[in-house]
Amino acid sequence: MLWLQLALTGLQVGAVYALTAVGFSLIFGSTRIFHFAHGATFVLAAYVFYWAYQAGLPAPLGILAAAVAAVALGVTMDRLVYAPIQRHEGSFFTVFVASFGVGIAVQNIVGMVFGRSFVTVTTELSRSVKILDGVYVSPLAWIAVACAALFFVGLQWFLRRTHVGMALRALSDSPELIRAYGLDPRRLSTYAFALGSVLVVPGAIITAATSGLNPALGHHVMLISLAATIVGGIGSIGGALAAGFLLGLAESLALIVFESQWTEAVTFAILFLFILLRPAGLFGRAATS
Amino acid sequence: MAAYLLNLGVLISIYSILAITLNFIMGYAGIYSLAHAVFFGVGAYAGALAAMHLSASIFVTVPVAMACAAVLSLALALPALRVRGEYFVAASLGLQVLAVTIFAEWKSVTGGIGGLIGIPPVDLFGQAVYRPASFFPLSLAVLAIVIVVTRLLVRSSFGRNLTAIRDSESAAASFGKNVPLIKTISVVISAALAAVAGTLYAGYLSFINVESFMLDTSVLVMAMVIIGGTGTSWGPILGAAILLLLPGLLSYLSFLPPTEIGAIQQTLYGLGMAILMIFRPGGLVGRGKARETKSAAKVAVGQKPPAVEAKAEGAR
Amino acid sequence: MNAQAHMPAAGAGNEVLLEIRNLDKHFDGLKAVSDVSMDLRAGIVTTLVGPNGAGKTTLFNLITGHLTRSGGSVRWLGRDIGGMKPYRVARLGIARTFQDLRLFGDMTVEENVLTVMEPGALPFSLSGPSTAEKRARVAEVLERTGLSAKARTRAVDLAYAERKFLSLARIMATRSRLWLLDEPASGLDPNSYELFLRLLREEVASGVTVCIIEHNLDIVVSISDRIAFLDRGRLLADGDPQTVLDDPDLAAIYFGDRT
């Protein structure tokens, strides 16, 4: 039953990856900003939740605090870093380097404030329950998958049915069109960052309560988000979701063959295969968006 | 004190080589790599193994190291450069992560986490060079050679082609430039020269392990290039000097907790990168103004052209 | 209106350089270029006209390999070049300019021109023209386009008209047989116009074949040997300038769409 156990773990990990990647993909797809600091947002949200837990605050408050921190970082980056850069130049790499720099700074500040060792939040929900002989699943795994589904459906509804959502979808294609409809691309960009950043929160909290945290997690999260965005197809939110699950499952199932230190290698191998054989990803831009 | 300064001089020379070679692809070809520490590492391990098992002569170790790094860089460049720049960033980040795992796990070759110990000192015409006082001139000489080689390349037609591709890939292709090939060659040259720094490093310390070749190092070298000035001749060297002097200077500030020096340093250069990009994207040495001033600024509103170009590239 | 008016085109006896047959390009169901067939003959200036979004630039992109066709064929001297990469197409002797120019912004004017003359995929290539030959050619091209005084200026620092001429200088330096010019004269003042037209005529006289996208009807009339009219991806007319321009149906489409 090892494979079933690993598949279920993979599903849980995949849900976390999927939501984080969807956030990155939403930001990148609509604003074309390569938000490398997305990994730092994840780390910050997770540690704020951890801090609230240590301080004895009730969980809903902790979740709220994490969400506020994530959105604050995302929106601040958009306003104070990306907006000024885009005013004078806005080349892809200038934005990338700035984002990268802030990501490193945030990650190190988190390390200085909370320490660099491994920490976890243990809750009732983290405890694994036996569902079959040799197969244990914690309720958090189901919550993770449910969260991914819920947030994704909610996001899709938002993007298809609301004014701002539809404008966000149009933003990457035609900023001119946005202006013609009397919307401000900069303001929409801020919405994209707020939304994209809040999407890391469920994953960050679930990670804190299951596999645990350390500040260096940001780079791993970033690699996964990038890989899922490319594997899913740049600009495709559904693709990022599917690719997040795919990477989580692959990482976990790879444990049947490899030792645990090779999990990131599996992600890399999948990413490389896609770049090599199918650079448009699972769902190229044309298929969905 | 003299030993301390000489040691610092050696490290600045070695990191300057890394920064110059990264600048070669970042500044002139517009290729952003997060895997430079991998080629540094491959150069160090290959050079060390060659010194331990073949000959410690610099004329053996350096070519071996360069060849290994060049071959590995091909594996990264060939697929990743056929597509857009974002893919290279992603692929290089992936390679960096993978390489750290391999450096740490391939015990029979890299010595695992423990690393390689007892690497023979660099042998130059039969003389073992290991004292900082004699190693410093050697590292300076190698640095000078690397500077000259990269300057010659940048000023050749090859360098012009790189810059043309960076400024407009589609236009360069329309004038007959084989864009993927030219980019691939630049990455191979950069990786091979970074391996030279690795070989020096291994021979100087006589001990290496994975910790010197992690993502942190790639980030550090990228920060050196950016802070000093991307696409400038002296910027990367200035950047290397500043960032290597920083920990020493920070340790003079006695109110800072010593265990946090590393984190403070990383925070500083992270913020430094972001602030420079906002106010002075060319770096300390570079031109104050952003690269695209008048014309592109007009076009860049809303970034329509890149999207159009992206579509055209994607459709190929 | 008839789908494709057949009119005797100028230079009918000249050698066909580029032969386009039933070319199609679809984007997500949108037909950007649809069933276009036309020949570009040696020494003939063909102008592509039509409202915005008619598929003119897309047609260029299909010829140069910046886009891949959905159907049909493009032949250069009888050889199918559809699906060829842009750099291979360029090496056949087909050069182009871009509407947004795409100069090498950080390089000087001189370097912009020098670069297009060098094949140089390898660091130290031994082939290609000698340095003295290249310098002489660069000087000549800059002289003719009025850019000599700006040789050491970076492309981004040029004024608008100068940038347009640099784009032209680059294509002149390539010594290509076929030029595809995408709105090379738009936004030029009358003096610059004159220079532009003179240069174009000189180049045509020296054997260059030109296909040009242009909106300004004065220019169209004064340089075209032949006009091809595109609308919504389809070639509605292809013939001598007067016949095409006098067609009331085409005029209605052209001016109707603009208002």
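Mentor: Domain bounds come from an automatic or database domain assignment. Keep in mind that this is a predicted model.

Trainee: Okay, which residues make up the domains of chain C?

Mentor: Domain 1 of chain C is written in pieces, 15-93 + 177-189 + 208-259, while domain 2 covers 102-175.

Trainee: How many residues of domain 1 of chain C are in contact with domain 2 of chain C?

Mentor: Contact here goes by C-beta atoms within 7 Å. On that basis, five residues of domain 1 of chain C meet six residues of domain 2 of chain C. The domain 1 side of that contact has three nonpolar residues, one polar and one charged. As for the centres of the two domains, taken over C-alpha atoms, they are 26 Å apart.

Trainee: Now for a strand. Is S9 of chain C mostly covered or mostly open, and what do I count?

Mentor: You count neighbours: a residue is buried if 20 or more other C-beta atoms lie within 10 Å of its own. In S9(C), residues 209-213, five of five residues are buried. C:Thr209, C:Cys211 and C:Ile213 point one way, C:Val210 and C:Ile212 point the other way, and all are buried.

Trainee: Which strands pair with S9(C)?

Mentor: For pairing, look for at least two bridges between strands. S4(C), residues 45-49, runs parallel to S9(C) with four bridges. S8(C), residues 178-182, is also parallel to S9(C), over five bridges. Take C:Cys211: this residue is the bridge partner of C:Thr46 and of C:Leu180.

Trainee: What unit do S8(C) and S9(C) make with helix H6 of chain C?

Mentor: With H6(C), residues 190-205, they form a β-α-β unit, and it's right-handed.

Methods:
Residues numbered from 1 in each chain as written. Chains lettered and ligands numbered in written order. Predicted model: local features only at pLDDT ≥ 70, side-chain atom pairs only at ≥ 80, totals over all residues. Contact = placed C-beta atoms within 7 Å. Nonpolar A, V, L, I, M, F, W, Y, C, P; charged D, E, K, R; others polar. Buried ≥ 20, exposed ≤ 12 C-beta atoms within 10 Å, placed from the backbone. Helix = DSSP H or I, 4+ residues; strand = E, 2+ residues; numbered from the N terminus. Right-handed = clockwise from strand over helix to strand, strands pointing away.
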